[in-house]
Amino acid sequence: MPSREADRPWAAWAACQRGFRAVTLLLAAAPALLAPPAARADAGRDAAPSIETLRVGFGGHYKTGYWAPVEITVRGGARELTGHLVVTVPDGDDVPSQAVSEAAPIAPGQLTRFLLYVKFGRADGDLRAALSCDGELLARRTFRSGVGLPRGLPSQQRMILALGPAVGVEEAASTFAPDRSVGISVVPLSDPAELPSRWLGYDGVDVLVVSGGWTSSGSPEASRLDALAAWLEMGGRMLLVASAEVEQAIAPEAPLASFVPGRL
């Protein structure tokens with residue numbers, strides 16, 4: 001058995017190694033610790049904005065080959081700026097196509113929402129988002145299909161938006177579907193603010209069902225009413241179920257009055 005005297009050189013060597021590592025870590029951290037306060041403050045001021053969340057279509061439902069609303073939130077960095085988003089998705093031939101948002105102010109530490117309308121050419125394509133200001137790339141992020149980005153519905157599938165209280169749209173759609181081989185997705189909406197602000201957002205919608213008027217959650221913005229009117233004029237279809245709230249829904253001054261064929 002080795003003696004304690006023989007172990008002492010090894011113990012001393014191990015202690016030296018531990019001390020060496022501690023000194024190395026301290027020296028590595030020294031530049032940051034010894035940096036003047038002004039340098040550390042500059043580093044804080046240079047904190048970049050970040051791309052946070054993604055919302056696509058209506059409750060994550062959108063159809064391949066059609067335009068769909070895309071909302072992306074950006075958290076501001078340490079300084080105020082005005083930026084715009086560029087969204088890139090593959091088209092039907094797997095060639096990258098881009099949509100550019102309008103420029104918007106981004107306050108430090110605050111969330112800013114960017115709304116774009118994007119046509120997805122593939123059900124399984126990724127979405128890349130890039131934030132720029134005056135030609136400078138500030139942030140970018142890739143949302144993977146099936147992970148951060150819901151997969152698109154087949155182009156032939158029917159999509160019905162149901163705004164307001166439930167009135168049996170799902171049961172009616174499954175009962176009266178003209179072609180059983182074509183799937184139907186019924187997407188419930190609870191707030192008129194979820195409707196598109198441009199007619200392009202309705203591109204993949206087959207029918208909009210409105211029940212209960214707008215009284216439960218307020219009236220939509222004028223831009224959403226204009227978008228709805230433009231879509232209907234181009235052949236879109238809306239089913240209005242007024243029920244007990246008919247006076248609030250289609251009275252002469254009500255938001256939906258211009259969409260009914262007569263006066264209440």
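This is a predicted model: local features need pLDDT of at least 70, side-chain atom pairs count only at pLDDT 80 or more; totals for chains, interfaces and linings use all residues.
**View 1**
The chain runs to 264 residues, and 35% of them count as buried. Take the contacts between residues at least 6 apart in sequence: 68% of these join residues at least 24 apart.

**View 2. Helix α4 covers residues 222-233.**
With twelve residues, α4 reaches 16 Å from its first C-alpha to its last, close to the 16 Å expected at 1.5 Å a residue. Which residues of α4 are buried? They are Arg-224, Ala-227, Leu-228 and Trp-231. Looking down the axis of α4, you find these buried residues within an arc of 100°, so they line one face of the helix. Their packing partners are the strands β11 (207-211) and β12 (238-241). Just past the end of α4, Gly-235 has a positive phi of about 115°.

**View 3. The largest pocket holds about 790 Å³ of space.**
If you're looking for open space in the model, start here. The lining of this pocket is made up of 31 residues, and those nearest the centre are Glu-71, Leu-115, Leu-116, Tyr-117 and Ser-197. Which elements give two or more residues to the lining? The strands β1 (50-56), β2 (67-75), β4 (96-100) and β6 (111-119) do. Of the elements, β6 gives the most, with five residues. Sorted by class, the pocket lining comes out as 18 nonpolar, five polar and eight charged residues.

Glu-71, one of the residues nearest the centre of the largest pocket, counts as buried because its relative accessibility is 17%, and the cut-off for buried is under 20%. Setting aside neighbours within four places in sequence, Glu-71 is in contact with Thr-53, Leu-54, Arg-55, Arg-113, Phe-114 and Leu-115. Pro-69, at 11% relative accessibility, is buried too. With the neighbours within four places in sequence again left out, Pro-69 is in contact with Arg-55, Val-56, Gly-57, Phe-58, Leu-115, Leu-116, Tyr-117 and Gly-201. How far apart in space are Pro-69 and Gly-57, C-alpha to C-alpha? They are 5.1 Å apart, though twelve residues separate them in sequence.

**View 4. The largest cavity has a volume of about 40 Å³.**
Two cavities of 30 Å³ or more turn up in the model. The largest cavity is lined by 13 residues, and Tyr-62, Trp-67, Ala-68, Met-159 and Gly-204 lie nearest its centre. Strand β2 gives the most to this lining, with three residues. By class, the cavity lining has eight nonpolar residues, four polar ones and one charged.

**View 5. Ser-132 belongs to strand β7, residues 127-133.**
Is Ser-132 buried or exposed? At 14% relative accessibility, Ser-132 counts as buried. Not counting residues up to four places away in sequence, Ser-132 touches Thr-82, Gly-83, His-84, Leu-137 and Leu-138.

**View 6. Asp-94 and Asp-134 have positive phi without being glycines.**
These two are worth a look if you care about backbone torsions. Asp-94 is found in the loop between β3 (81-90) and β4, with phi near 65°. Its relative accessible area of 47% makes Asp-94 partly exposed. Where is Asp-134 found? Asp-134 is in the loop between β7 and β8 (136-143), and its phi is about 55°. Asp-134 is exposed, at a relative accessible area of 78%.

How values were computed. Residues are numbered from 1 along each chain as its sequence is written. Side-chain values use heavy atoms; hydrogens and water are left out. Helices (H or I, at least four residues) and strands (E, at least two) are DSSP runs, numbered from the N terminus. The expected span of a helix is 1.5 Å times one less than its number of residues. Buried means under 20% relative accessible area, exposed over 50%, partly exposed in between (1.4 Å probe, protein chains only). The arc is that of the directions from the helix axis to the C-beta atoms. Contact means heavy atoms within 4.5 Å. On a 1 Å grid over the protein atoms alone, a cavity is a set of points where a 1.4 Å probe fits but cannot get out, and a pocket is an open set with protein on both sides within 12 Å along at least five of seven lines; lining residues have an atom within 4 Å of a point. Grid points are joined across faces, edges and corners, and a volume is the space filled by probe spheres set on the points. Ala, Val, Leu, Ile, Met, Phe, Trp, Tyr, Cys and Pro count as nonpolar, Asp, Glu, Lys and Arg as charged, and the others, Gly among them, as polar.
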